[in-house]
Amino acid sequence: MNLLKYLLVSLFIAPLAIDAQVAPIPYELVYQHTIKIPSNTEQTFIDYGNNLYFVTKDQITRQSLATGIENVQSQKAWQSIDQIISINAMKTVVFSQTQQQLCFTDNTLSQQGNCIDLQDYDLTNVTKVAASKRPDMLWLYDELNSTLVLFNFVQHQIIQSVSNLRGILNLQGEPRLEENETGLWIFTNTGQIIRMDDYLNAISQQSFPFSSIVPFKNGCFFLRDEKLYYNSLINGETMLQTISTFNPKDKLHISGNQIIIEKSKTLEVFIIKEN
């Protein structure tokens, strides 16, 4: 009788265990090609419009993933370059944390107009900038009073701002901003993932370890323990197939429907296909 009871229990539990182990894989990554990072490159940036930016001192080389066309530009105004962000196909912003300024270029990297001095708007310690899905807008994070600002760079006007973000969200570590169609994402190097709506309300908060993370649709691709995962706000965490050998210094980038893995000397490009 005990043996029969054991068999019945085992038969009942086994399918549940199998179901628990087999989580749906939302995306398939299809390898496209590998790009060599030019020698002497100090920083690499990749925008959502399939453009690569390789920075060496005050020189930027822009390369299109779609056409391979390159533009090279050097400006003495760019004494230090901390971020390069594409606003649209014709406008790019170059942010300098040291100089606390925003400079704008066209799609050939020629400077457009004068740089914006953020200190003129009482923003004295901006550490991160992100493009907004709203036209002519940028998100700025000022570490002074941990203030999040929506800034109209055409009208030169602060549209929205929230101070004491560290207190309100219990923000720990250094924040990074990225916005996609589902909201404004805040990632910290302590493992916090916060998504905010257009009114700066926190609509989701998670915390888990990662070495690199990027938002994609309703979730995020991230690296942890040399493996690639996708975390969905709906279905939770899924480990994707092994596509490369990762190390903690690898960085993830999203550009259109592509995920790009930045290594020390190369960029590996994959198409994201929905299952």
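Which residue forms a salt bridge with K217? In this predicted model, the partner is E274, and the closest N and O atoms of the two residues are 3.4 Å apart.

**Salt bridges**

- Side chains of opposite charge can pair when their charged atoms come close.
- A search of the whole structure turns up six salt bridges, and one of them joins K217 to E274.
- How much of each partner is open to the outside? K217 is partly exposed, at a relative accessible area of 34%, and E274 is exposed, at 58%.
- Another salt bridge brings together the side chains of K133 and D198, at 3.4 Å from N to O.
- This pair also links distant parts of the chain: K133 is in the loop between strand 10 (126-131) and strand 11 (137-142), D198 is in the loop between strand 16 (192-196) and strand 17 (202-207), and the two are 65 residues apart.
- K133 counts as partly exposed, with a relative accessible area of 42%, and D198 is partly exposed too, at 30%.
- R176 and E178 form a salt bridge in which the closest N and O atoms are 2.2 Å apart.
- Is E178 buried or exposed? E178 counts as buried because its relative accessibility is 16%, and the cut-off for buried is under 20%.
- R176, at 26% relative accessibility, counts as partly exposed.

- Strands of a sheet pair through backbone hydrogen bonds, either parallel or antiparallel.
- Here, four strands make an open sheet in the order 6-7-8-9, with antiparallel pairing.
- Strand 6 (83-88) and strand 9 (116-117) are the edge strands, each pairing on one side only.
- Inside this sheet, five bridges connect strand 7 (residues 91-96) with strand 8 (residues 101-105) in the antiparallel sense.

**Strand 20 and its neighbours**

- How many residues of strand 20 (residues 227-232) are buried? Five of its six residues are, so the strand is mostly covered.
- On one side of the pairing, strand 19 (residues 219-224) runs antiparallel to strand 20, and six bridges join them.
- L223 has L228 in strand 20 as its bridge partner.
- The hairpin of strand 19 and strand 20 has two residues between the strands, and D225 takes a positive phi near 50° there.
- Strand 20 also runs antiparallel to strand 21 (residues 236-239), joined to that strand by four bridges.
- Y230 stands opposite T238 in strand 21, and the hairpin from strand 20 to strand 21 passes through three residues.

**The cavity**

- Rolling a probe the size of a water molecule over the atoms shows where empty space is left.
- The structure holds one cavity of 30 Å³ or more, and the largest cavity has a volume of about 30 Å³.
- Residues lining the largest cavity include N51, Y53, R62, M90 and D106.
- Strand 3 (51-56), strand 6 and strand 7 each supply at least two residues of this lining.
- Sorted by class, the lining has three nonpolar, five polar and three charged residues.

Methods. Residues numbered from 1 in each chain as written. Predicted model: local features only at pLDDT ≥ 70, side-chain atom pairs only at ≥ 80, totals over all residues. Heavy atoms only, no water. Pairing = 2+ DSSP bridges. 1 Å grid on protein atoms, 1.4 Å probe; cavity = no way out; pocket = protein on both sides within 12 Å on 5 of 7 lines; lining within 4 Å. Points joined across faces, edges and corners; volume = space filled by probe spheres on them. Nonpolar A, V, L, I, M, F, W, Y, C, P; charged D, E, K, R; others polar. Buried < 20%, exposed > 50% of the residue type's maximum accessible area, 1.4 Å probe, protein only. Salt bridge = Lys/Arg side-chain N within 4 Å of Asp/Glu carboxyl O.
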